[in-house]
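Hi everyone, thanks for coming along. I'd like to talk about charged side chains today, so let me put the structure up.

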Amino acid sequence: NDTSDYPVFAQESVNGSTHIIKAGQTPLFDPQAASDAGADTSHCFCYHNTDKGMAPTISHNAACWIDSSKKEIRDGNLYLISYGEILLMRYAFKKHDGSILLRAANDSHDDILIERLDTVILEVLGWVYSYTHTSKW
């Protein structure tokens with residue numbers, strides 16, 4: 001079974017600012033599976049989810065596999081996004097007027113509509129192509 005080390009990143013909050021920090025390496029994912037999904041394995045990293053907006057689809061602390069080379073929004077795909085001081089995973093949709101709609105899987109989280117002029121503070125960190133899911137007993 002051919003596995004490779006991928007960098008692992010986590011969210012850290014310092015003095016009210018949120019940052020992504022490198023948290024180590026992990027050999028948890030098969031590069032062939034990433035390639036089969038269409039991910040560029042030279043740009044993949046693992047991020048441990050801290051956002052509850054995708055629950056129960058993606059649970060808190062789930063390992064999420066991100067391809068940082070895929071930042072162009074394709075409607076309905078899942079992305080890791082930095083928006084101001086907020087780091088979240090959301091389904092993203094481009095609107096005709098240039099705004100971007102971010103939608104959570106969790107119904108208790110409202111959609112976020114980012115107006116065209118505000119998109120400068122939005123950074124797509126990458127496409128979420130895979131994640132772990134843990135069922136609770």
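Let me start with Lys70, which is partly exposed, with a relative accessible area of 29%. Please keep in mind that this is a predicted model. Which residue does the side chain of Lys70 meet in a salt bridge? The partner is Asp67, at 3.0 Å from N to O. Asp67, for its part, is buried, with a relative accessible area of 0%.

How many salt bridges does a search of the whole structure find? The count is three, and Lys70 with Asp67 is one of them.

Let's move to Arg90 and Asp51. Their side chains form a salt bridge as well, with an N to O distance of 2.4 Å. Arg90 sits in strand β6, residues 86–94, whereas Asp51 belongs to the loop between β3 (44–48) and β4 (63–67), so this pair ties together parts that are 39 residues apart in sequence. Are these two buried or exposed? Arg90 counts as buried, at 3% relative accessibility, and Asp51 counts as buried too, at 11%. Both values fall under the 20% cut-off for buried.

That leaves Arg103 and Asp111, whose side chains meet in a salt bridge at 2.6 Å, again N to O. Arg103 is partly exposed, at 35% relative accessible area, and Asp111 is partly exposed at 37%.

Terms used: Residues numbered from 1 in each chain as written. Predicted model: local features only at pLDDT ≥ 70, side-chain atom pairs only at ≥ 80, totals over all residues. Heavy atoms only, no water. Salt bridge = Lys/Arg side-chain N within 4 Å of Asp/Glu carboxyl O. Helix = DSSP H or I, 4+ residues; strand = E, 2+ residues; numbered from the N terminus. Buried < 20%, exposed > 50% of the residue type's maximum accessible area, 1.4 Å probe, protein only.
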